[in-house]
Amino acid sequence: MVAESGIHHNVSEMKFHLLLICVAISLGPLPQSEAGVTEEQMWAAGKLMRDVCLPKYPKVTVEVADNIRNGNIPNSKDSNCYINCILEMMQAIKKGKFQLEPTLKQMDIMLPDSYKDAYRKGINLCKDSTVGLKNAPNCDPAHALLSCLKNNINVFVFP
């Protein structure tokens with residue numbers, strides 16, 4: 001069963017990376033500066049992440065996921081672990097630990113330019129929000145990180 005779970009995770013991760021490649025290709029040649037994506041592309045990537053993570057947590061309904069997207073972040077094991085799934089796909093969190101450099105790289109790739117300054121500030125303000133928290137059994141670091149980001153980024157977006 002563990003091997004099957006690992007294979008499913010790898011397939012999900014491969015789908016996400018395939019989406020990133022498709023988004024990059026659809027952008028076409030970019031100028032020398034790092035350009036972000038359009039809002040439409042950002043939400044398309046977010047939809048794929050939701051489509052991968054929602055089935056893993058059947059107690060998290062589409063309504064709950066929509067509430068999280070709108071900034072109403074419940075603190076329950078299922079919703080926290082759903083958030084953790086999304087954040088892992090974004091490479092923002094790994095085994096309950098915030099990943100600063102990968103998060104900044106993903107931000108540059110997957111966010112429209114108009115969001116980047118606010119996100120860079122918020123990410124730096126929240127870089128220690130998972131310190132001292134245990135991931136098992138309730139995915140508490142994911143809740144802490146997303147709550148911190150929501151409170152510190154005025155253009156908060158989450159799939």
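From the N terminus on, the elements of this predicted chain follow the order α-α-α-α-β-β-α-α-α, which amounts to 7 helices and 2 strands, where helices (H or I, at least four residues) and strands (E, at least two) are DSSP runs numbered from the N terminus. Residues are numbered from 1 along each chain as its sequence is written. Because this is a predicted model, local features need pLDDT of at least 70 and side-chain atom pairs count only at pLDDT 80 or more, while totals for chains, interfaces and linings use all residues, and side-chain values use heavy atoms, with hydrogens and water left out.

Of the 159 residues in the chain, 42% are buried, that is, under 20% relative accessible area with a 1.4 Å probe and protein chains only. Among contacts (heavy atoms within 4.5 Å) between residues at least 6 apart in sequence, 66% join residues at least 24 apart.

A search of the whole structure finds 1 cavity of 30 Å³ or more, a cavity being a set of points on a 1 Å grid over the protein atoms alone where a 1.4 Å probe fits but cannot get out. About 400 Å³ of space lies in this largest cavity, the volume being the space filled by probe spheres set on the points. Its lining (residues with an atom within 4 Å of a point) comprises 24 residues, of which Met90, Met110, Leu111, Tyr119 and Val157 are the closest to its centre. At least two lining residues come from each of α2 (39-53), α5 (100-110), α6 (113-125) and α7 (140-152), and α2 gives the most, with 5 residues.

Definitions and conventions: 1 Å grid on protein atoms, 1.4 Å probe; cavity = no way out; pocket = protein on both sides within 12 Å on 5 of 7 lines; lining within 4 Å. Buried < 20%, exposed > 50% of the residue type's maximum accessible area, 1.4 Å probe, protein only.
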